[in-house]
Amino acid sequence: MSLFRKLPHKPHNSLSILSITNRFFKTLNPEPFPDVPTSAYYDDLVISAGRDRDFDTLRHLLNKRVKDGCFNTTNTFKFITNNDVPTLSVLLDELTTNTLARLDKGFARKSAYDSLVGRLCKLNQIDGALRVIETMASGEYGLNACTFHPVLNVLTKKKEMESAWRVVAMMRGFQIPPDLTAYNYFLMAYCFNGDLNSAADLLSKMVQEGVSADTRTYDALVLGACKAGKVEGALVILRSMVDDGVPMLLSTHMYVIRALLGMGYNAQAVKFVRCFAGKDTWLDKNNFGCLASRFIELQRFDEAKLVVEEMKKRDLEMGEKLKDFYQVNCKDQNFKINK
């Protein structure tokens, strides 16, 4: 029969045959789809499809995961690596123009674009991220201030403030005013670098635009004051937070503790930690733990003994190093704690 005519024999590598056969059987008998899929499960599928450059499957998965309530994560576009940089332009063309642009309208499409921007920023591919943003703007794919956050975060951390402000100008060009989060990135960068004049100018600008402060705004201001050695100013800011009912981040407490100890105000540091004690066990554990650890680093062992003894009395969890310190220096000893 013609169907069974003899074909010329071509030798095959045995490993290649096994690989092809394995993929064939997986196609015939695919792994069962879980009853309750997770975002991590979808990320694995998306990454696999992306590495294979199977863009049809990729588009299907990005749509389906949203319908299943499995939203995109920072790992969704992990198949893009720095090894792709030489051909990144071609890859982005395929993703933005043919794949993501054809996703379901609304959240599925916008979140995919946002996730892609976030991945490119993580790889420090800012030009690529801005190119994706321009595609979102031209296609009206839900571009908003949140899309720009990863870009501003990277640029301000790298102290590339002029580039960051150009991105803000780009936002305004798209009729998107910078939001509080965007301004907080700038404020944190200025305060971290000790540029209090620029921080003050930015605060005035925020007030003029009616942008209210939040926890991270205050956190940056406390950091700036502590960096400048103005601990009293930091305490004034903390008092404003308490009066306004603004919750404090752990980092806010850490700035003040380290600043006080750095200036030799050991008793005041202990008093500061005690001032906030008794309201939040997790906060107490970290505040007292940080204080004790810093005393040990500074070889202020008497003060460290008092702090770990107080931690014991308050039944606060200690790290291994503090446990060892307590066992050696405090166990079965009665250290008086100054109230």
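The legends below describe close-up views of a predicted model.

**View 1. Helix α2 spans residues 39-51.** The helix has 13 residues, and the distance from its first C-alpha to its last is 18 Å. That reach is close to the 18 Å expected at 1.5 Å a residue. Just after α2, R53 takes a positive phi of about 55°.

View 2. Buried in α2 are Y42, D43, V46, I47, A49 and G50. An α-helix has 3.6 residues a turn, so residues three or four places apart point the same way.

**View 3. F77 and F79 form an aromatic pair.** The count of aromatic pairs in the model is seven. In the pair made by F77 and F79, the ring centres are 5.8 Å apart and the planes stand at 50° to each other. This angle places the pair in the tilted class. Both F77 and F79 are buried.

**View 4. K227 lies over the face of F192.** The distance from K227 to the ring centre of F192 is 4.2 Å. The residue C191 is shown as well; C191 counts as buried because its relative accessibility is 2%, under the 20% cut-off.

**View 5. C290 is a buried cysteine.** The relative accessible area of C290 is 11%. This value is under 20%, so C290 counts as buried. The count of disulfides in the model is zero.

**View 6. N266 is a buried residue of helix α14.** Helix α14 covers residues 266-275, and N266 has its place there. With a relative accessible area of 12%, N266 falls under the 20% cut-off and is therefore buried. Leaving aside residues up to four places away in sequence, N266 touches L261, F295, R300 and E303.

Key:
Residues numbered from 1 in each chain as written. Predicted model: local features only at pLDDT ≥ 70, side-chain atom pairs only at ≥ 80, totals over all residues. Heavy atoms only, no water. Helix = DSSP H or I, 4+ residues; strand = E, 2+ residues; numbered from the N terminus. Expected span 1.5 Å × (residues − 1). Buried < 20%, exposed > 50% of the residue type's maximum accessible area, 1.4 Å probe, protein only. Phe/Tyr/Trp six-rings, centres within 6.5 Å; stacked < 30°, edge-to-face > 60°. Lys NZ or Arg CZ within 6 Å of the ring centre and 35° of its normal. Disulfide = S-S within 2.5 Å. Contact = heavy atoms within 4.5 Å.
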